[in-house]
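Reader: I have a structure open and would like to go through it with you. Can we start with a pair of strands?

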Amino acid sequence: MPMSRLSLVGAAIVLVCTTTLVYGQSKFGFGKKATDAEIAGWSIDVDRDGKYLPPGHGTVSQGRELFQNQCAACHGEKGEGGIGDKLVGGKGTLATAKPVKTVGSYWPYAPTLFDYIRRAMPLNAPESLTNDEVYALSGYILNMNGIVPADAAMDAKSLSAVKMPNRDGFVDDPRPDVP
Amino acid sequence: MKSGSRVEATRSSTRRQFLAAGSLAVGGAAALVASGEALAAEPAAGAENLPPNVPEWMKQPGADTGSEPYGLPSKFEKSIVRVLKKDTEQQTSSQSQTPLQDIDGIIVPNGLFYERHHGGIPEIDPAQHRLMIHGLVERPTVFTVDDIKRYPSESRIHFLECSGNPPYTKIYAKTAGELVGLASCCEWTGAPLKTVLEDVGLKPEAKWIIAEGADAAALTRSIPIEKCLEDAMLVYSQNGERLRPAQGYPLRILVPGYEGNMNVKWLRRLHVTNEPIYSREETSRYTDLMPDGTARKFTFMMEAKSIITRPSGTHKIQPGFNEITGLAWTGRGKVAKVDVSTDGGKTWQAAKLQEPVLTRAFTRFRLAWTWDGKPTTIISRVTDETGYVQPSFEQLKDVRGLNGQYHNNATWPWKIAETGEVTNAHVKA
C-alpha cells in the first residue's frame with residue numbers, strides 16, 4: 001500500500017525529533033551525556049596548584065595514627081620504606097651517586113600527595129580512605145619530612161600553600177641530547 | 001606398531017575416542033593408544049623416528065580437530081615464556097619481559113607481550129566498563145565499549161616500550177629479553193582518538209588530555225593534545241583478538257612512540273584540560289634524574305634502539321655461516337638503517353632490513369656472517385629517518401650519568417668466546 005503524503009510528513013517529523021534527541025551536535029551520536037554527578041564521582045584528578053582539591057581536613061596527629069594502621073606495614077613505622085617506597089629523607093642526595101628520591105627530597109607538588117594517596121593507596125584497598133583521612137595522611141608525611149609543623153592541619157587551602165623543597169628541580173626534555 | 005594400524009584406527013570410532021582421550025587404561029586397546037605423554041616418555045635415544053624409519057606420529061591419527069578450542073604452542077616450546085622479575089617483594093606493581101631472543105619477525109604474540117602494571121591486572125566485565133570524556137569539551141560523554149567499537153576503525157602495527165628498559169644501573173643481564181624485553185610490537189585495532197575527540201567537540205583552550213586507567217592504581221598520565229590528534233588510538237584489539245587483560249582489556253589508549261606507561265590500560269577516563277596534571281607517575285616517577293640533581297620531566301619520546309637477538313646472550317654458535325638478526329625501532333618514525341659490527345665496533349656494515357619498514361614499529365634486520373672462530377664482539381646500531389644515531393652506553397653515561405633510570409637506548413654489545421658462547425659484553429665490575 002503506498003504511503004500517504006501525510007504519513008510521509010509524519011515520518012519526517014519523527015525523524016527530525018529523533019535526531020534532535022541525540023545528544024548535542026555529535027556527528028555519530030554515540031554515547032550518552034555525562035551528568036555532573038557522574039563526572040563528580042569519577043573525576044579525582046588533583047592538579048599541582050590544588051584547585052581541584054575536595055573539601056575536608058585532617059591534622060598531622062590524626063595522620064600519625066592512621067599511618068600506623070594503614071601504611072606502616074609497607075612503608076615502615078617512620079616512612080623509612082619496606083615493600084613500599086621510602087617516604088622520608090634523602091634531602092641533599094639527588095646530585096650524588098646514590099640519590100634517595102622521597103616525598104621530601106623529590107616530589108615537586110604537595111597536592112599530588114593527596115591525589116596519589118586517594119587514588120592508589122593503601123595498595124590492598126585503594127579509594128577506601130575518606131578525604132579527611134587523606135588530608136591527615138598527607139599532613140603527616142609532610143611533617144615527617146620536616147615540611148609542615150606537628151600541629152599543622154591540612155585542607156585544600158593549606159595543602160596547596162605548601163612549597164615543596166624540590167619544586168624547582170624539574171627541567172624540560174632537552175633530547176635529543178646524545179650523541 | 002604396524003604401518004597398517006593407522007588405517008585400522010581411523011576406521012574404529014571407539015578407538016578414535018580412546019586416542020582423543022589419551023586413555024591408557026583401556027584393556028586391549030591400550031597397545032594402540034599412544035598419548036603425547038607416552039610418546040615423550042619413550043627413550044630419547046630414539047633414532048626410531050629418524051630416516052629411514054617412519055616416525056611414530058605418522059603411524060596413528062593425531063589429536064582431534066578442535067581438541068584445543070583456543071590453541072596453544074607445542075608443548076616442546078614450553079620454555080618460551082615471559083621473563084619474570086625476581087628481585088621484588090610483590091608482583092602487584094611489577095613487570096615481565098618479552099623473550100626477544102625467541103621472537104621471529106616483528107610481531108610479538110599476545111601471550112609473550114611484555115607487562116608493566118602499577119596496581120595489578122584488573123578483571124573487567126566489558127559490559128560494566130565505561131569511558132568518560134569530560135573537561136574542555138562541548139559534550140561531556142560516557143561511552144560503552146560497544147560505542148567505541150562503532151566508530152570507524154583502523155589497524156596499525158606499533159611497538160610499545162617501557163621507559164625503564166633497562167635502567168642505567170641494570171645493564172648486566174644475560175639474555176636479550178632480560179636486558180631490553182620491556183618492548184614488544186603488535187598490530188593494534190581501534191578508533192583514532194581524533195575521530196572521537198572531534199565527535200565530543202574540543203574547546204579551543206584544550207591543550208592536554210589526562211588519561212586514567214580503571215586499575216587499582218587508577219594510573220594517570222597527561223598527554224599533549226597534539227599527540228592525541230596526530231596518531232593516538234582507542235584500542236580494543238591486538239593481533240586480531242580482543243586485548244588481553246594484561247594489555248588493558250577491554251580498552252586502552254595507544255600513543256605510538258611514547259613511553260609505555262602513557263599508553264594507559266583499562267582506559268576509563270579522558271579529562272581534557274589546559275595543562276598537565278603533574279600526577280605521581282609524571283613527577284615522582286618517570287622523570288629522569290641527571291647528575292646535577294635536576295630531573296627531566298615529560299620525557300615522552302622513546303628514542304631509536306636496536307639489539308641483536310640472535311646470536312645473543314646464552315646462545316652458542318659454530319664457526320662458519322651464522323645469520324646475525326635483531327630488532328630496531330624508533331619513536332620518531334621509521335628506521336632508516338641498521339649497521340652491524342662484528343669486530344667490536346671498529347668497522348660497520350649495513351644490515352638488510354625486512355620490508356615493510358613501518359612507522360614506530362619493530363624493524364627486523366639481518367646480516368649474513370661467517371664466523372672465523374676467533375673471539376670477538378658483535379653490536380648493532382640503528383639510525384632513524386630523522387638522522388638520529390643510537391648512542392653507545394658510554395656516550396649516554398657521559399651526558400646523563402647513571403641515576404636517570406629511564407630512556408636508556410644504548411647499543412648492546414655481545415661477546416663471543418672462542419668456544420662460541422655468547423655473553424653480555426657489559427660485565428659488572
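Reader: How many bridges join β8 to β13 in chain B?
Author: This is a predicted model. In it, strand β8 (residues 208-213) and strand β13 (residues 267-273) of chain B are joined by 6 bridges. The two strands run antiparallel.

Reader: Which residue is the bridge partner of B:Glu212?
Author: That is B:Arg269, in β13(B).

Reader: What order do the strands of the sheet come in?
Author: The order is β1(A)-β5(B)-β4(B)-β13(B)-β8(B)-β9(B). These 6 strands make an open sheet with mixed pairing.

Reader: Which ones are the edge strands?
Author: β1 of chain A is one edge strand, and β9 (220-224) of chain B is the other. Each of them pairs on one side only.

Reader: What holds paired strands to each other, in general?
Author: Backbone hydrogen bonds, with the strands either parallel or antiparallel.

Reader: Where else do strands of the two chains pair?
Author: β4(A) pairs with strand β15 (residues 295-296) of chain B. That pairing is parallel and has 2 bridges. Within it, A:Val171 stands opposite B:Arg296.

Reader: Moving on to the interface. How many residues of each chain are in contact?
Author: Chain A has 55 residues in contact with 64 residues of chain B. The area buried between the two chains is about 5000 Å², and carbon and sulfur atoms give 57% of that.

Reader: Which three residues supply more than any other three on chain A's part?
Author: A:Phe30, A:Trp42 and A:Arg175. Together they supply 16% of the area that chain A buries against chain B.

Reader: How many salt bridges and polar contacts are there between the chains?
Author: There are 8 salt bridges between chain A and chain B. One salt bridge brings together the side chains of B:Arg285 and A:Asp85, at 2.5 Å from N to O. As for polar contacts, 29 residue pairs are counted between the chains.

Reader: Which elements of chain A give two or more residues to that side?
Author: They are β1 (32-33), α2 (36-42), α5 (111-120) and β4 (170-171) of chain A. The largest share comes from α5(A), with 4 residues.

Reader: And how do the residues on that side divide into nonpolar, polar and charged?
Author: On the side of chain A that touches chain B, 28 are nonpolar, 10 polar and 17 charged.

Reader: Back to α5(A). How many of its residues are buried?
Author: 10 of its 10 residues are buried. Among them are A:Phe114, A:Asp115 and A:Arg118.

Reader: What covers them?
Author: The cover includes α6 (131-144) and α7 (156-161) of chain A, and also β8, β9 and β13 of chain B.

Reader: New topic: B:Asp231. Where does it lie?
Author: B:Asp231 is in the loop between α7 (225-230) and β10 (233-238) of chain B.

Reader: Why does B:Asp231 count as buried?
Author: Because its relative accessibility is 9%, and the cut-off for buried is under 20%.

Reader: What does its side chain make a polar contact with?
Author: The side chain of B:Asp231 makes a polar contact with the side chain of B:Lys227, at 3.0 Å. Leaving aside neighbours within four places in sequence, B:Asp231 is in contact with B:Arg156, B:Leu254, B:Pro256 and B:Arg360.

Reader: Last one: is B:Gln60 buried or exposed?
Author: B:Gln60 is buried, with a relative accessible area of 9%. Its place is in the loop between α3 (36-41) and β1 (83-84) of chain B.

Terms used
Residues numbered from 1 in each chain as written. Chains lettered and ligands numbered in written order. Predicted model: local features only at pLDDT ≥ 70, side-chain atom pairs only at ≥ 80, totals over all residues. Heavy atoms only, no water. Contact = heavy atoms within 4.5 Å. Buried area = accessible area lost by both parts, 1.4 Å probe. Salt bridge = Lys/Arg side-chain N within 4 Å of Asp/Glu carboxyl O. Polar contact = N/O pair within 3.5 Å; in protein donor to acceptor, adjacent residues only side chain to side chain. Nonpolar A, V, L, I, M, F, W, Y, C, P; charged D, E, K, R; others polar. Pairing = 2+ DSSP bridges. Buried < 20%, exposed > 50% of the residue type's maximum accessible area, 1.4 Å probe, protein only.
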